[in-house]
Amino acid sequence: DAARFFGRSREIAAMVTRIRDRPLMGVIGPSGVGKSSLVRAGLVPALKQSGESWEVHVLRPGRKPLDALAMVLQPIAAAAAPEEGRDGRDLADRLRDEPGLLGTLLRRHAQKHAKNVLLFVDQFEELYTQVPDQAERLAFTNCLAGVADDASAPTRVAVSVRSDFLDRVSEDQRFMAELSQGLFFISAPSREALRAALVQPAEMAGYRFENPDIVENMLEHLATTNSALPLLQFAATMLWEARDPTRKLLTVE
């Protein structure tokens with residue numbers, strides 16, 4: 001449904017193919033173009049509806065990227081062996097010293113449960129905007145490279161990266177070499193795709209716009225606005241919260 005709303009069925013189908021073929025995929029585009037939404041509401045549901053078994057873990061690097069990885073890994077490590085079930089801080093320290101640990105445990109987990117595992121790192125550029133320590137950044141990308149180093153393994157990594165930060169990835173040449181083979185560039189949605197994103201979800205919930213001019217007015221503003229999708233999301237949320245449930249309308253008021 002999300003693919004249809006944004007008119008991006010072909011893009012999502014291509015992403016599914018790419019992530020099957022390549023262990024590491026970078027979803028690249030300018031800020032506000034919908035990279036995160038395309039993965040979360042497009043790629044992930046498509047994988048889960050493909051007939052294959054997929055387990056998806058989502059994280060953002062934040063200020064402590066190894067801690068973020070440790071939070072994902074902790075329950076998997078604890079299930080693998082009781083002695084691994086220590087707190088996330090201990091795991092973060094181990095990941096810094098043993099970057100291959102992440103890939104090893106994720107592959108064992110995937111093979112034990114006969115499933116594929118996708119690790120999605122959203123807003124990957126936070127690694128460069130919030131982590132001043134290069135050693136910490138390299139430790140993080142080394143961990144990811146250890147997950148995505150074998151196309152025949154059941155583990156995959158996807159990262160969403162603002163296009164203006166793509167050059168920063170080159171500080172880790174090994175990671176950049178792998179990522180460059182799986183780059184997927186996306187552009188801003190068209191006017192008709194934005195219209196569908198507004199109208200179709202409301203219709204599926206049994207609602208309609210009181211006046212079609214509401215939609216046209218919003219689209220006119222979005223046409224001259226950078227980062228249109230976050231603004232659209234905010235405006236649509238406000239409209240939904242102020243909806244008229246009796247008449248099933250999103251109103252002019």
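Modeller: A residue is buried under 20% relative accessible area, exposed over 50% and partly exposed in between, using a 1.4 Å probe and protein chains only. This is a predicted model: local features need pLDDT of at least 70, side-chain atom pairs count only at pLDDT 80 or more, and totals for chains, interfaces and linings use all residues. Residues are numbered from 1 along each chain as its sequence is written, and side-chain values use heavy atoms, with hydrogens and water left out.

Biologist: Why is Arg247 called partly exposed?

Modeller: Its relative accessibility is 47%.

Biologist: What makes Arg247 and Glu210 a salt bridge?

Modeller: A salt bridge needs a side-chain nitrogen of Lys or Arg within 4 Å of a carboxyl oxygen of Asp or Glu. Here the closest N and O atoms are 3.7 Å apart, so the pair qualifies. The partners sit 37 residues apart, with Arg247 in the loop between α12 (228-241) and β7 (249-250) and Glu210 in the loop between β6 (208-209) and α11 (212-223). Helices (H or I, at least four residues) and strands (E, at least two) are DSSP runs, numbered from the N terminus. Glu210 is partly exposed at 33%.

Biologist: How many salt bridges does the structure hold?

Modeller: There are 17. Arg191, Glu192, Arg195, Glu216 and Glu220 are linked in a network of them.

Biologist: Why is the pair of Phe124 and Tyr128 called edge-to-face?

Modeller: Rings of Phe, Tyr and Trp (its six-membered ring) pair if their centres lie within 6.5 Å; planes under 30 degrees apart are stacked, over 60 edge-to-face, the rest tilted. The whole structure has four aromatic pairs. In this one the centres of Phe124 and Tyr128 are 6.0 Å apart and the planes stand at 70 degrees, so the pair is edge-to-face.

Biologist: What makes a nonpolar core?

Modeller: It is a set of buried Ala, Val, Leu, Ile, Met, Phe, Trp, Tyr and Cys residues joined through side-chain atoms within 4.5 Å. The largest has 43 residues, and those touching the most other members include Leu69, Phe124, Phe140 and Leu144. Helix α4 (residues 65-80) gives the most to this core, with eight residues. Apart from it lies another core of 19 residues, among them Leu38 and Phe120.

Biologist: How do you know that Arg243 lies over the face of Trp240?

Modeller: The test asks for NZ of Lys or CZ of Arg within 6 Å of the ring centre and within 35 degrees of the ring normal. Arg243 is at 4.0 Å from the ring centre and counts as lying over the face.
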